Structures are given as C-alpha cells and as structure tokens.
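Here are my notes on this one, in the order I'd go through them with you. Have the structure open as you read.

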Amino acid sequence: ARNASVKGIEFPFPYRKGQRDLAVSVYRTILRKKKLFIQAPTGVGKTISTVFPAVKAVGEELGEKIFYLTAKTITRTVAEQAFETLREQNLKFKVITLTAKEKICFCEETSCNPDDCPYAKGHFDRVNDAVYELLMQEDVMSREVLEAQARKHKVCPFEMALDVSQWVDAVICDYNYVFDPNAHLKRFFGDGVKGEYLFLIDEAHNLVERGRQMYSAELCKEDFLAVKKLVKGEAPRFAKRLEACNKILLAMKKECENYKVLDNISHFGIQLMNVLSETDRYLEECVDKEVRETVLDFYFQVRSFLNIYDGLDENYVVYTEYQENGRFVLKLFCVNPAANLQKCLDKGNSAVFFSATLLPIQYYKRLLSTEKDNYAVYIDSSFDTKKRLLMNGVDVSTRYAMRSREMYQRYATYIFRVVKAKMGNYLIFFPSYRFMEDVYQEFTQLLASDEEEMELVIQQKHMDEEERENFLRAFEMGREKSLIGFGVLGGIFSEGIDLTNEKLIGTLIIGTGLPQVCNEREILKSYFDQKGLYGFDYAYRYPGMNKVLQAAGRVIRTEDDRGVILLLDERFQREKGKEIFPKEWADCERCRLDIVEEKIRLFWEKQTDN
C-alpha cells in the first residue's frame, strides 16, 4: 500500500530556483548509496526537497526507513509539516516523532521503576496491544498522539514510542538517537546491527560541535574524593580503589598550571577498570537511596569514560585542566568526530547533510565524514537580492583592544539610527552577554535623551521555555512603535526561528562571532596546525562565521520579505573574512555611522516605489 501510494505523489509546489536540482541530487545520492553535502540558503525549501526524493526512494525500495535528524525541537515541526504536505496526495507513510524520555515522561521525576511509576508497572503486559492499535489506526505518531495512546493503555510513552519506531517508515528525532554512544537506538544502531536506512541530517553545521560532545568524556578529581567519603565506612576495598585513582589525578594536578596535554594515561585506565568493577559490586548491595543515586551517577561517568578510552585514536587529544570553579578534570577530547560519526553512518545506505550555513563545505566534509568521494552541491539563493540591504559598518570593532565606553556608545548609536530610519521589529546580536549589557546600557541612555519611543526585549541567561516563547511572541504582535530584541550570537534566537514579513525587518550583527579564547579552542587550533591545516580557521573563524550566517538568515525567510542586514565590525572587510561569504553576499556595501541612516532610508523608499 505504501509503495503504491508513493508512485502517485508529485513534488507539491512549483519548483523554485535550484529546488529541482536539489531534489535530483538527493535522489541520485540515495540511488548510488553515497553521501551528499548541501549548502542551500534559506528559502530554497531544503526540507521538502530532501524529504520528497527520500520518500520516493523508499517507495522504490532503495531504503527501508528514513531517519530525519535534527539538532533542535523547532526544526522537527518543519519535517512533520513536509510529510503532512505529501500526505495530502494520499501518501501512506507512517511517521513517528521521538521525544526525549525526560520531556515525555508523565511522572514528576523520571524513575523507570515499577514501584515508583504506575506506567512502568505492568507495561509489558499492555504495550503490545497499544502498539498494534496505534499502527492500525494512525499514520502520524506525533508527541500528542503517542501521549494519548500511552495514557489510554497506561504504558510508558517513551518505551512505547521506541517499539512503534520499528514499524514505521520515517523517524524524526534528535541527532543523539543515531550518533550518541550513550543514547543511540540499539535496536537500529547497536553492535552488529545495520539496515537500509536513509539519513537526512538537518542543520548539519550543528553536528560538528554535537559530535565532539558525544564522543568526548571527562572525569573530575573531586568526584572521586566525594564518592570515597560516602563509601569508606562500609566498603573499604572500594574506597581503596578510588584513592588509587585520586593519587594519579593528584600527581597530574601538580604538573598542570592551566591545562596540560598528556601522551599516555594507560596506568590510570587500569586503575579505573578496578574502580568500575568495585562500583558495580557496591551498587548491588547498597540500600541507601541517596547514596546509591550519587554512586550510580559516578558509575555512569566512569563507564562512559572507559568506553571512549577504548576508542582513543589520532582524532583525540587527552588533557588535564583547572576549570573556572576550581575543579580539576581529565578530559578525552574528540577534536575530529568524523571517524566516530562515520561508524554510525555506515549502519545505513546513504546520508544527506544540509544547512543554510555549510561553508566552507570542505571544512564540514572533513569533520563529518571520513570518505573522500562524497558529493557536494551549492544551491544559489532563490530570493531577489534587491529586497534586502546588506552592509558592513567599517568604523566599529569588537576586538578586545578596542572595547571602551566610546565604542559601546558608537554601537548604540548605530542601532538607534538604523531603527530611526524605518519603524519595525529588529534583532541585534552580540558576541557575549557582557558586551550586550554594556551596549544596552548606552542605548537606553540614548533613548532617554530622545523623543523616539521604542520597545526593548533582552535575552537572559538560562531562559525557560515560557520566557523564550514570550520573547518571540513580542515579535508576533502588531504595534505602533519599533521593537528591538537584544540577543547573543549563537544563542537560542540566532538560529531556527522563523519571523516572516513584518515580524522582522532588520538584523544587526555585532562582531565576527569568533568563539572566546579558551583551552579547548587553543587545543583545536594546535591540533589542526599540526595536521597542516589552518588551525585558527578551524578553531575560531569557521565556527564564528557560521554564527554570523545563521543570525543573518533570520531576516529574509520568504520571497515577500524585505529587510536590512548590518555586519558591524571592521574585520569583515579582511580577505580571510570575505573568502567565506556566500555567493549572494557579493553585493555587501561598506558604510559608516554618519551615512547609515540615509542609506537605509533610501533602501526603504525604493521598496515602497516597487
């Protein structure tokens, strides 16, 4: 039934510029069992252009299951909508969206113990009926559908969803379910398991840093002492093993001033295996619930560390470091996650990496796959560049040596003049919270001395879901004065949000997005320098430019959108910076504070005339 329905579907929209080429490239990649890297600007319609050919391929039995992988919850909704659009042509295709256990759990505390959870008690007696009924009645297994079914049959919604995922045609989920050694779906990606899977990897630029996190591990000296203190009275042998590890870490600590790269930690690895076996033995006998929880967390950390340790190779750097809070850590840092990601990708047939900011593409090809014959395509923007004004303010800088109250005032004046030129909604992105607060303070003083009225919203550290929604909701409301949102580059509002038409008419990007200098970045720089590559580019410039491109991509989301993008840092004019500009940024104009307002007024006058 599924295969017959797939034959009847056609691409659901008139093809935009580049969209047909994109869909054909995806299909051809799947047919040849290859991997494809796609740099395609916002507006091309990447989601439907990858989902449609993948569905066609499944219908022709070139793959058994699609895994649509995302970095953020918000992009899962876009994938669900793409399948829904194809379903309007009577497509019979079962799709499930997996939600993290902590989020979908019905209990206040996630405890998968029948004594604590009524949904775990008797789960296996009822789950088969729940799964069968769901598969017979539904093609769309969204979070809401899964929760309703789990409540109806009184089963664990997360475990039921995993069971259902075996019988569906497409799984929409986080990267973790495929790539993370601690969270991947063992039924699909465990040792010795593989299948005819098709991987569609959305916002693939995020996978570099996520991959590094997944395949890195660390242990903290203070945790060994804390556990030793808890168990020494009742488990002296266990305490002795912990002390042996602590002594080695103490010797490392004495030799470390800030951070220190190590060549060999085999002696520590042996002692750690002893700790693991003793921890296992202790947990079997421990009855104190609080102590058990602490030791269990420690056990998982040790086990994860040893699992990563077993796979150490030339893609890792091992180092010790003093953290800002004074804790001393030993870290196995995966600087290049490509080999580990490749092992997961080899479990399937084909993979498509796509993003609006996959530049330079060679950087991502080198860090996301070890194969040398992967395909790559660059899709030109389908938007009319006359509908947006892109400028670079060359008389400001975020370099540390240039930071001063005078520079903050200059940035505040830039914001003020841009907004004064045209009333509307604007987002301003800063290199850090501190920089944002300093400019915000100067801007509010500037507003107080002027009659112009503007509304301000500012991103806070550690915002909860409701606070984030309130921030974005402000841009949805109609108003009679300008709204300015202050946010941080690389933060929750600089990518993945969709503010179309009048909801956002301008973005100012303050700084080049370079990550702050830290031990980890310096280790990356040194590692790639030693490989004969440009370490500074790999550690700083490329990740920074990605943040800039993502923030700039918030402005023009549809063919009807019009807006202004201002890059406010003189360093964008340097050759190295311009090299990684996308093609559609070739018309970037230079500007200064004294002419910015006039240039923007002229741009908006032309838009009115057109």
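**Notes on the model**

1. Let's start with Asn 315. Neighbours within four places in sequence aside, Asn 315 is in contact with Phe 333, Cys 334, Val 335, Asn 336, Ala 339 and Tyr 527 (contact means heavy atoms within 4.5 Å). Asn 315 sits in the loop between helix H15 (289-310) and strand E9 (316-322); helices (H or I, at least four residues) and strands (E, at least two) are DSSP runs, numbered from the N terminus. With 9% relative accessibility, Asn 315 counts as buried (buried is under 20% relative accessible area, exposed over 50%, partly exposed in between, using a 1.4 Å probe and protein chains only).

2. A word on what you're looking at. This is a predicted model, where local features need pLDDT of at least 70 and side-chain atom pairs count only at pLDDT 80 or more, while totals for chains, interfaces and linings use all residues. Residues are numbered from 1 along each chain as its sequence is written, and side-chain values use heavy atoms, with hydrogens and water left out.

3. Now the aromatics. The structure holds 43 aromatic pairs; rings of Phe, Tyr and Trp (its six-membered ring) pair if their centres lie within 6.5 Å, and planes under 30 degrees apart count as stacked, over 60 as edge-to-face and the rest as tilted. Take Phe 189 and Tyr 197: the ring centres are 5.4 Å apart and the planes stand at 70°, so this pair is edge-to-face. Both Phe 189 and Tyr 197 are buried.

4. Phe 189 also pairs with Phe 199, with centres 6.0 Å apart and planes at 40°, so that pair is tilted. Phe 189 lies in helix H10 (residues 186-189) and Phe 199 in strand E6 (residues 197-201), so the pair ties together parts that are 10 residues apart in sequence. Relative accessible area is 3% for Phe 189 and 1% for Phe 199.

5. Which residues touch the most other members of the largest nonpolar core? Phe 199 is one of them, and Phe 67, Met 160 and Ile 265 are also among them, in a core of 133 residues. A nonpolar core here is a set of buried Ala, Val, Leu, Ile, Met, Phe, Trp, Tyr and Cys residues joined through side-chain atoms within 4.5 Å. A second, separate core of 37 residues includes Ile 415, Phe 435, Phe 443 and Leu 568.

6. Phe 435 and Phe 443 turn up again in one aromatic cluster, whose members include Tyr 408 and Phe 486.
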